[in-house]
Structures are given as C-alpha cells and as structure tokens.
Amino acid sequence: MLFRSRLQLLLLMSPATLLLAMLTLYPISQILINAFSYVDYVGAERQFVGLDNFVELSEDWFFAGAIKNSLSFSVLASLLQVGLGLALAVLFDRQFTGRRFALPVIIYPMMLSTLVCSAIWRAWYHYDFGFLNNALLSLGLEPVQWLFDPDMALFSVMLVDIWQWTPMAFLIILAGLQSIPADIKDAALTDGARGWRRFRHITLPLIMPQVLLALLLRSIDTFKLFDKVYALTGGGPGNSTETLSLFIYKQGFKFFNLGLASAAALLMLAIACALSAVYAWRYVGAKS
Amino acid sequence: MLSRSALSLALTASLTLGAAGANAADLVIAGRDGIYGQALDATVARYKEAHPDMDIELLKLPYGSLYEKLVISLREKSGAYDLVLLDDTWATEFMGNGWLANLEEQGKVTGDFIAATLDISRYPVAEGPAYSLPIVGNVAMFAYNQALFDQYGLSKPANWDAVKVAAKTISAKNPDTSGVVFRGQKGNPIVTGFLPLFWAHGGVIVDDAGKPQVNSAQGVQALESFLELKQYAPKGIEVYNSTEVRDAIQQRKTAIAIEVWPSWAPSMDDPSQSKVVQEMQVMAAPGQVNGSSPMLGIWQMGVTADAKHDKNARDFLNYLTSADNQKTLALELGLPPTRRSVYTDKDVVAKYRWYPNQLEALEHGKARPRIKQWNEVESILGDYLQLAMIGQMDARTALDQANRKIDRALKR
C-alpha cells in the first residue's frame, strides 16, 4: 500500500486541495455572486439584481452570435484537427523515406506562439499581396476575401487553428498507435485482416481512448478561442468571428461590466462542461 | 530537492528585491509604447541630465493594457504610478472618479496651450480646473493626392458631397487607384473614421441631456454617405487599420484618405517609404451641414491623486509640456505639439509643411462625448457601423439598434 493510512493521504493532499480551492473555487464563487448582481467596479458596490444580467444577455444579438460562433468553431475545428491528426498518425506509424525529417516539420506550427501564427497567416491572407491569393491567381482562380467576407472569416480563423494544433492531435494518436502490441497486429495479419478492415475493426477500437482524449482536449481549447480572433479579425467583420471569450473579455476588462461578464462566463462554463461531459462520458465508456 | 529550494529562495529574493527596487524610484510613469514611449524616453533622458540623482521608472504599455492597468491600480488606490498617460476619451472617467490630482490648486496652468486641447484636460470640460496637461496634439486630418486631383480636373473638396464626387471620378477613370480609403476595422478604427463625417452632417452621439441620438435623421444620412464612400474604397476595407491605410496612401493606391493622423503624415514625404512625396495635401476634414469637425485625439498626462512623489511628478510634467521640449520632440520624432508657438516655429514649419493646417484643425477640433462609458459606447457604435458596412443591416436599422444598446449602457 502506498500510504500508511487514510489520514496520511488526506494530509498529503490538503495543500494541493487548499491551493485548488483558492485558485479555482474562490473565483468561481465570485463569478456566481457577480452573475446575479449589478457590480459598480469603481464604487466597489454590489447590488443583487436576480436574473437581470441573464435577461440582458438573452436579448443581446451579439451574445447569441458569440455562442453560435464558439460552438460551431469548437465542434468543427476539433473534429477536423482530430480527423487530420488521425490520418497523419496512420501515415507516420509506418516507415517511409524521409519520415525522420517530415516529423519535425509536421509538429513545427505547434511550437510557435499564437500571435506569431496569427501574424504569419494575416500576411498570407492579405487580399492583394497574400501568398494564398497569389497562389490562387497563378492557378487561374479568383482571389478569396479570407478575412473580410463574413461567411468566410470564421473558416479562415479555423484554418489557422487547424494548422497550429492538428500536430497535437497527431502526436496523441500516434502515441496510441505505437503502443498497440506487435502481436495483436501480427495476429490480425495471420487472420487475414488487412487494409481498411484491419484499421476499422482492430486498430481504431484500440486507439479510441486516444482519439477521444484528443477530441476532448481540442474541443475544450477551441471553445475558449480568443487570441487568434483578437489578432486576426477583432471579432469582425460584423460579429462573424466574435466568440464567447472575446465577448466576456470586452464586457469584463474593456467596459468593467462585471455582472454581465460574470453571467456570460457562467453560461460559457456550463456549455463547456456539457461539451466536455459528452466526450468524457464516451472516453470513460470506451475505457471501460 | 536542494536545487528546488534554492530556486524558490532565489525567486522570493528576486521578487522582494524587485519590489523594493520599484518602490525606491523617485518617479513612476505609466506611458504608452511606440512613438509615445520614444518621446517619454527622450524626455526622461534629458530631464535626468538636470536631475542626475533621480531614479525614474518608465513603463511603456500597449493601448489596451495601459487602460486596464490604470483603472485597476487607481481604483485600488495602490499608489503604483505618479504620472499617467491618458487617451482623451478616458479623461472623464479618470477625473470624475477623483483619480487625478487638481493641477491648479496651487495656481493656474499657464502657457500657450491650444484652447481646445486644454479644455478637455479640465473637469467639468472647459470650465473646471485642469486635472491633466495635453501632451500630444493629435487631430484627425483629411488628405488628398493633389497630383491625381489635378490630373482629373478636380479641386480641393469643399464638403463631403465633393469628396464623393472626387472618389467616384478617380476610381472610375483609374482602376488601379481606389477613390478613398479609411479604417474599416470594427471598434475604435471605424468609429474614428466615421465621426468627422457624422458630425459634419449634424449628427450627435449623446445630447445635452445625456440621451443617445445616433439614429437621428442627420446620423442616418451621414451613415448612408459613409456607405456610399465604401464603393470607392479598396476591397477588404472592413479590416483596414492604420497600416493598411498608410500603405494605400504611400503606395499611391488611393486618392483620398478621410483620416490621417499627425504621426502618419511625415512618412508621406519620405522618399524611402513613399511614392507620393510632396503630392498629398493634408487639411482639416471638410464640412457639410456643419463646418469642419476634425476629431481630437489628444493624449494627456495627469498626476495621480494617490501619487507617492507628487512634487516630482508635477515638476516632470511641466518639463515634458514645455515649449522647448515639445519643439525637440516634434523635430526629432514628429510628435505633434499642443502649444501654439511650436506650430508657428519656423524650424518646425520648415520640416512639416502641413503644420499651419494642423493648427487650424486643432483649433476647430471636436472632442468625443465627455461620458464615462465612452469605451462601451464606441464599441457598440463600431459593431453596428460594421454590420451596416458588410450589408447585414441598412443604415436606419443599424443606428436604431445601436441607439437602443447605447441607451442601456448609459443607464447602467
């Protein structure tokens, strides 16, 4: 037994628990109180207003847009990143010429800071001088309004996120693939399972926990999307790329409307928990 | 284990020493990055020559961070800063909350400050005592390419209708050149681009009774004019900010810029950066129903009410705003002055040919509404202006919705 008694275990855990309570539970409880209050930040006054902040949010066209943008970004981007990561992992699970050199290139974007990534892509997206439109023009195609077409902008931000974070999903899934015991692969081959059938019935079920873990991590991260939008579009054009994080940041830190920002943060937390619960439930289910 | 303890000890010691070091400064200034930071750096260096024993700590922060840090620090009365640099739209909030010291409690502010720039340092505006001094004489100017205007037989635009005609003519005859350019990015950029046109058409953001009026008939007409201009602007104007506007002017890709700031102007005549050397005319924005209404963007500096080094702060502020220092900063860095005498100084005018026009624009300059919630009001207006610009709402609907939301924000 690792610990001599339950008391010793509790004693050892107490500093971490205390720290967690201070850093997590205290802010969450403050958000909970603020969400139902009008907070005058300057006068340090708080007045209970019941559901007023939530009513104001429900009537706010921009808040509704922010929820829609955050959810669509999170679901689409995380699915695409994991899908691409899976395809790359399957490719890199085999030996091929140049594999050793291709691997660092694949994971390189993940090592850049988000602001650097955004600056690179902002230049690539430039309508007149950007590399992407020049490439399209050289192929005889029309240039694309990457960042200023409201129907295109969120997808353009998503493309940057996919470029930067697909490597993370790829690494998690590759680790899963490489941990499959060789005898299972051999047994499958002996039984005549090859190609797609072997992948569908043997490999995929074995790496499902890693796939779900990658999905969970990426969906939590993409749901919080802030920095790329801040750097690339500022939430525009219109409200086409405004996310919940950006909305909360503006209300909380630009306008100091702490009640409204807390109510929005609480709703965001609830949505994030619900989103994570789906994956976590699937993950636990897959594990058991 | 030992190394981890040593690391913790070193970290604690360095934090303690760092804090002690910060407290030991004789003057702490919270300022901006970029050209404002360079100007403060240069001034601090000169000031220290006369005060060699003085330890001055200068923080150079980006726009958004500066505001957030100042609000939190001043609200908490932390005494962290002695002097603070303020955008003029923050002034009402800072002065109204009692965060700045009255600079006239020991005597009137003297000097030849341009009246409009000093008015917004006073609380109540133009009437009360000064709580700050104007540091940077920023005013939104209007620029047009004289060579292109001559080529197409156009004369200096007398009003916004003439601007539209010129933009239409040039973009029709010269497909490589857009008729007009402005900052279309949502938030502060698009609002700043729109305001001179809005005011000239007779628009009012908040009336004397504090009620929002952005959706008045004049406001809607102004927005319709603005949207009309968009058809002569480059593709992607919705995300244009300063860099794109400056590039368009300097690369001769546009004939008119409805918004040019004094810090952008010198590079237009710099042959290493510009293809339009001596071609651009810089003037106050045209009028329409009302006269010219160039937007003021004065940066001010105030002494905090909880300053630990109040005397040093006031002395440095007087030095910073002196005519000699302003002249040096104008010549060395192109920082626009706030004193009349510097605008008429022959050395300065020889270097910056548009300074007489800039002085005129400053004298007719209009400040944004003196309300504590301006940040939020600007953001709301910026959101709806852009929705109109990308065609998701017509001008009337956008301004009606903006007005409703601004009303709610002002009541909060």
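Helix 12 (residues 310-320) of chain B lies across strand 1 (27-32), strand 3, strand 4 and strand 9 of chain B, and runs at about 155° to strand 9 of chain B. The model is predicted.

**Sheet in chain B**

- In chain B, 5 strands form an open sheet with mixed pairing, in the order 2-1-3-9-4.
- Strand 2 (56-61) and strand 4 (133-136) of chain B stand at the edges; each has a single partner strand, so one side of each lacks a neighbour in the sheet.
- From one strand to the next, the twist averages 30°.
- Strand 3 (residues 83-87) and strand 9 (residues 299-303) of chain B are antiparallel and pair over 5 bridges.
- Opposite B:Met301 in strand 9 of chain B stands B:Leu85.

**Extent of the contact between chain B and chain A**

- Chain B contributes 29 residues to the contact and chain A contributes 32 residues.
- About 2800 Å² is buried between chain B and chain A, with carbon and sulfur atoms giving 57% of that area.
- Within chain B, the most area is lost to chain A by B:Arg75, B:Lys186 and B:Arg412, together 21% of what that side buries.

**Polar and charged pairs**

- There are 5 salt bridges between chain B and chain A.
- B:Lys186 forms a salt bridge with A:Glu242, and their closest N and O atoms are 3.1 Å apart.
- Between chain B and chain A, 8 residue pairs are in polar contact, both residues being at pLDDT 80 or more.

**Make-up of the chain B side**

- Helix 3 (63-75), helix 17 (374-389) and helix 18 (395-411) of chain B each supply at least two residues of the side that touches chain A.
- Helix 17 of chain B gives the largest share of that side, 7 residues.
- By class, the side of chain B that touches chain A has 13 charged, 9 nonpolar and 7 polar residues.

Terms used:
Residues are numbered from 1 along each chain as its sequence is written. Chains are lettered from A and ligands numbered from 1 in the order in which they are written. This is a predicted model: local features need pLDDT of at least 70, side-chain atom pairs count only at pLDDT 80 or more; totals for chains, interfaces and linings use all residues. Side-chain values use heavy atoms; hydrogens and water are left out. Contact means heavy atoms within 4.5 Å. Buried area is the accessible area (1.4 Å probe) that two parts lose on being put together, summed over both. A salt bridge is a side-chain nitrogen of Lys or Arg within 4 Å of a carboxyl oxygen of Asp or Glu. A polar contact is a pair of N or O atoms within 3.5 Å; within protein, one must be able to donate a hydrogen and the other to accept it, and residues adjacent in sequence count only if both atoms are side-chain atoms. Helices (H or I, at least four residues) and strands (E, at least two) are DSSP runs, numbered from the N terminus. Ala, Val, Leu, Ile, Met, Phe, Trp, Tyr, Cys and Pro count as nonpolar, Asp, Glu, Lys and Arg as charged, and the others, Gly among them, as polar. Two strands pair if DSSP finds at least two bridges between them. Axes are lines fitted to C-alpha atoms, for helices over the stretch in contact, and angles run from 0 to 180 degrees between N-to-C directions.
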